[in-house]
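User: I am new to this structure. Please take a close look at the nonpolar core, and then at any charged pairing.

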Amino acid sequence: HSVSMVVEGGLDLNVATAIYQKRGLGVYTNPDSTAGSTSVPVTDANTGTITTIGFQRPTYVPIYATMVIHGLAGYTTATLAAIQTAIVAYLNGLQIGETVTYSAFYAVASSVMPNILTPQFSITSLFTGITSSPYGTTDITLSYYQVAQGTLANIIVTEA
């Protein structure tokens with residue numbers, strides 16, 4: 001009888017119009033009560049009837065990580081920046097509501113090495129979280145309307 005949508009991108013009126021045109025007759029569109037809830041009046045071009053269409057915008061959740069690596073043969077300081085960039089790309093590639101997988105940080109960091117058979121570094125510690133002092137070592141589960149947001153400033157990679 002009703003639908004709830006989390007929509008990223010597009011102008012509110014364009015999104016609401018597309019939902020209005022695609023939903024079935026009598027289907028209620030739920031605006032959510034959480035942050036990002038949007039209700040837009042859409043006027044039917046044929047009848048002039050105004051229908052309020054509800055949907056939700058995603059909430060962006062900053063993800064923080066601190067990683068310490070130990071440099072091995074072939075390691076350079078450019079490796080730190082490459083790891084940071086790769087982690088940010090991983091986080092920003094996640095979809096709305098998708099879990100931030102703790103072990104993926106290891107995989108993403110390792111992906112910057114040209115040859116995994118001759119590693120340039122080893123990861124000695126990793127903490128992740130949704131606060132600026134991450135302490136977690138588990139997956140970060142996001143709600144259906146949340147999406148991970150990665151920025152270089154929130155991903156700290158150091159060599160020890």
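Analyst: Start with the largest nonpolar core of this predicted model. This core has 28 residues. Met-67, Leu-91, Val-100 and Phe-105 touch the most other members. Several elements each supply at least two of its residues: strand S6 (64–71), helix H2 (78–92), helix H3 (102–110), strand S7 (121–129) and strand S9 (155–159). Helix H2 gives the largest share, 7 residues.

Now take Phe-105. Leave aside its neighbours within four places in sequence. Phe-105 is then in contact with Ile-63, Ala-65, Met-67, Ile-87, Tyr-90, Leu-91, Val-100, Leu-126 and Thr-128. Met-67, Leu-91 and Val-100, on that list, are also named with Phe-105 as touching the most other core members.

In soluble globular proteins, nonpolar side chains tend to be buried together.

Next, the charged pairing. A search of the whole structure finds 1 salt bridge. Arg-57 pairs with Asp-12, and their closest N and O atoms are 2.7 Å apart. The two partners sit 45 residues apart, so the bridge links distant parts of the chain. Arg-57 lies in the loop between strand S4 (50–56) and strand S5 (59–62). Asp-12 belongs to helix H1 (residues 12–22).

How exposed are the partners? Arg-57 has a relative accessible area of 15%, so it counts as buried. Asp-12 has 35% relative accessibility and is partly exposed. Side chains of opposite charge can pair when their charged atoms come close.

Terms used:
Residues numbered from 1 in each chain as written. Predicted model: local features only at pLDDT ≥ 70, side-chain atom pairs only at ≥ 80, totals over all residues. Heavy atoms only, no water. Core = buried A, V, L, I, M, F, W, Y, C linked by side-chain atoms within 4.5 Å. Buried < 20%, exposed > 50% of the residue type's maximum accessible area, 1.4 Å probe, protein only. Helix = DSSP H or I, 4+ residues; strand = E, 2+ residues; numbered from the N terminus. Contact = heavy atoms within 4.5 Å. Salt bridge = Lys/Arg side-chain N within 4 Å of Asp/Glu carboxyl O.
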